Amino acid sequence: MRSISPNRDVGQCIRGFKLLVNIPWDSVDNVIIPVNISEKIHWFLVVFRIKLRCLHVYDSMKGGFVHTKKVNEVVGKLATMIPLFLTSTGFYGKRLDLYANKLPKYVHKSQSDPLDIKHMMHAPQQEDISNDCGLYTCLFVEYISNDVFDMRSIDIDAKYHRQRYATILWHYGKTKNEDGAISESEVIGTVASKFGGPRIAKEHVPDTTNYPTPRQRTRN
């Protein structure tokens, strides 16, 4: 419990600090949390659905007792830890709507009770012999950022998206290099130049929010 403090890294993230691109959790309904299990060299995604008081787990490599146990251990820790940090940072005092609207998941619940956990069983799966968990996690983030939470009908072409990401990152790096841009300025509305002040409006930076386009599965 000594680790539960608004000034700890997690507490700062919840309050909208610590990360370059961050806003307070009390101003959103969903929080995206990429998770890495270092000893398994595996990435997966956890989404905190605030109004549902639930962690949704998107894992591109489900199956196997050892793997499932490890993922459950990590997610279980998040389910226990997050409500304690929310309480310590005064989150619930800023989200009175959660109780005023008598949302089912908040009725008769203590603020410090662990969150529910739901494994998204129809999340797209990577090939068994591939190391594409990081790629799939990035794609899950993109879909969820565009309000696509149900991915059961989506077919992911890993080769295409690796090429797409490489192209986006190359173009982004080239643009930043040509304009002398520094990343730290991108969160304040302009992309500033290390050569002397703002150079380019943020809205003129290449927009990739239309990607990826959901592809419907074709069944024979």
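By class, how many nonpolar, polar and charged residues are in the lining of the second largest cavity? View A takes this up. This is a predicted model, in which local features need pLDDT of at least 70 and side-chain atom pairs count only at pLDDT 80 or more, while totals for chains, interfaces and linings use all residues. Residues are numbered from 1 along each chain as its sequence is written, and side-chain values use heavy atoms, without hydrogens or water.

**View A. The lining of the second largest cavity includes I14, W25 and F91.** By class, that makes three nonpolar, two polar and three charged residues, with Gly counted as polar.

**View B. L86 is among the residues with the most contacts inside the largest nonpolar core.** This core has 25 residues (buried nonpolar residues joined through side-chain atoms within 4.5 Å; buried means under 20% relative accessible area with a 1.4 Å probe, protein chains only). Helix 2 gives the most to it, with seven residues (helices are DSSP runs of H or I, at least four residues). L86 touches I14, W25, F48, F91 and Y92, leaving aside residues up to four places away in sequence (contact means heavy atoms within 4.5 Å).

**View C. The side chains of N30 and R49 are joined by a polar contact of 2.5 Å.** Such a contact pairs N or O atoms within 3.5 Å, one able to donate a hydrogen and the other to accept it. The C-alpha atoms of N30 and I50 are separated by 5.8 Å, though these residues are 20 residues apart along the chain.

Methods:
Buried means under 20% relative accessible area, exposed over 50%, partly exposed in between (1.4 Å probe, protein chains only). Helices (H or I, at least four residues) and strands (E, at least two) are DSSP runs, numbered from the N terminus. On a 1 Å grid over the protein atoms alone, a cavity is a set of points where a 1.4 Å probe fits but cannot get out, and a pocket is an open set with protein on both sides within 12 Å along at least five of seven lines; lining residues have an atom within 4 Å of a point.
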